[in-house]
Amino acid sequence: MLTGKTVSSHGKKSPVDEFCGPARTETKSPRPGGKQLGSDENQLAPPRRKPTRPGPGGFINITQGAKTVCFLGMFTAGGADVRIKDGRLDVVRDGWYIKFKKDVEQITFSGHYSLEKGLQKVFYITERAVFRLTENGLTLTEIAPGVDLEKDIIEKMEFRPHIDPDLKEMDPRLFRPENMGIKLKSGR
């Protein structure tokens, strides 16, 4: 699973440093995270790495060969205080670093290329919102219970995403302490 720190309106994210798994193109559903996600046709930017290990590593190979890619991470970074209270998400304080950028520093995942291929499903999942890469660009499909669309999402982005006309609330079981009752299927 890959987790990360930033997202852009073009689908730009990168989680190489946090990926725990083989860098193979046959990976079916990698879940990378990243530092920035851009608004320009969904390209990802990797987290900053030590100067001795520059570049995206196997991130490109992992994401380009996958049928479904889920980028995971917090909506903002740097001191965010987000709590679950009474089955709702409470954004006490946003992080100072905005991850959904108009432009990103470096592109390692191209949403435009992914859409052009037409073979991938691409999702960007945070604690307060779920986005999907569509022909309209980054599309907001779900928000957490208790989250204000304008104040907690739109105002914390450098661009305005497309809003799905069927915008849904995230599964409320995610915000309650009891077991969700999920059962894993055996086999492939």
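The lining of the largest pocket, sorted by class, has 6 nonpolar, 1 polar and 1 charged residues, where Ala, Val, Leu, Ile, Met, Phe, Trp, Tyr, Cys and Pro count as nonpolar, Asp, Glu, Lys and Arg as charged, and the others, Gly among them, as polar. To see this lining, select I125, T126, E127, M170, L174, F175, M180 and I182. The largest pocket has a volume of about 180 Å³. On a 1 Å grid over the protein atoms alone, a pocket is an open set of points where a 1.4 Å probe fits, with protein on both sides within 12 Å along at least five of seven lines, and lining residues have an atom within 4 Å of a point. Grid points are joined across faces, edges and corners, and a volume is the space filled by probe spheres set on the points.

Before the next selection, note that this is a predicted model, in which local features need pLDDT of at least 70 and side-chain atom pairs count only at pLDDT 80 or more, while totals for chains, interfaces and linings use all residues. Residues are numbered from 1 along each chain as its sequence is written, and side-chain values use heavy atoms, with hydrogens and water left out.

Now show the whole chain as a cartoon. The secondary structure of the protein chain comes to 3 helices and 14 strands; helices (H or I, at least four residues) and strands (E, at least two) are DSSP runs, numbered from the N terminus. Of the 188 residues in the protein chain, 46% are buried, where buried means under 20% relative accessible area, exposed over 50%, and partly exposed in between (1.4 Å probe, protein chains only). Among contacts (heavy atoms within 4.5 Å) between residues at least 6 apart in sequence, 72% join residues at least 24 apart.

Which residues touch the most other members of the largest nonpolar core? Select F100, Y124, F131, L138, I153 and M157, which have this place among the 25 residues of the core. Strand 4 (68-72), strand 11, strand 12 and strand 13 (137-143) each supply at least two residues of this core, and strand 12 gives the most, with 4 residues. A nonpolar core is a set of buried Ala, Val, Leu, Ile, Met, Phe, Trp, Tyr and Cys residues joined through side-chain atoms within 4.5 Å. In soluble globular proteins, nonpolar side chains tend to be buried together. Stay on M157 and, leaving aside its neighbours within four places in sequence, you will find M157 in contact with F75, I98, F100, F131 and L138.

Turn next to the charged side chains. A search of the whole structure finds 9 salt bridges, each being a side-chain nitrogen of Lys or Arg within 4 Å of a carboxyl oxygen of Asp or Glu. Select D94 and R128, whose side chains meet in a salt bridge at 2.8 Å, N to O. This pair links distant parts of the chain, 34 residues apart, with D94 in the loop between strand 7 (88-93) and strand 8 (97-98) and R128 in the loop between strand 11 (121-125) and strand 12 (129-134). Both D94 and R128 are buried.

For another pair, select D81 and R83, which form a salt bridge with the closest N and O atoms 2.8 Å apart. Here D81 is buried, with a relative accessible area of 16%, whereas R83 is partly exposed at 46%. Then select R176 and E178, whose salt bridge has its closest N and O atoms 2.7 Å apart. R176 counts as partly exposed at 37% relative accessibility, and E178 counts as partly exposed at 43%. Salt bridges that share partners also join D94, E127, R128 and K156 into one network.

The last stops are single residues. Select D86, in the loop between strand 6 (81-85) and strand 7, where phi is near 55°, a positive value in a residue other than glycine. Most residues other than glycine have a negative phi. D86 is exposed, with a relative accessible area of 72%.

F109 and L37 are 72 residues apart in sequence and 9.5 Å apart in space, C-alpha to C-alpha.
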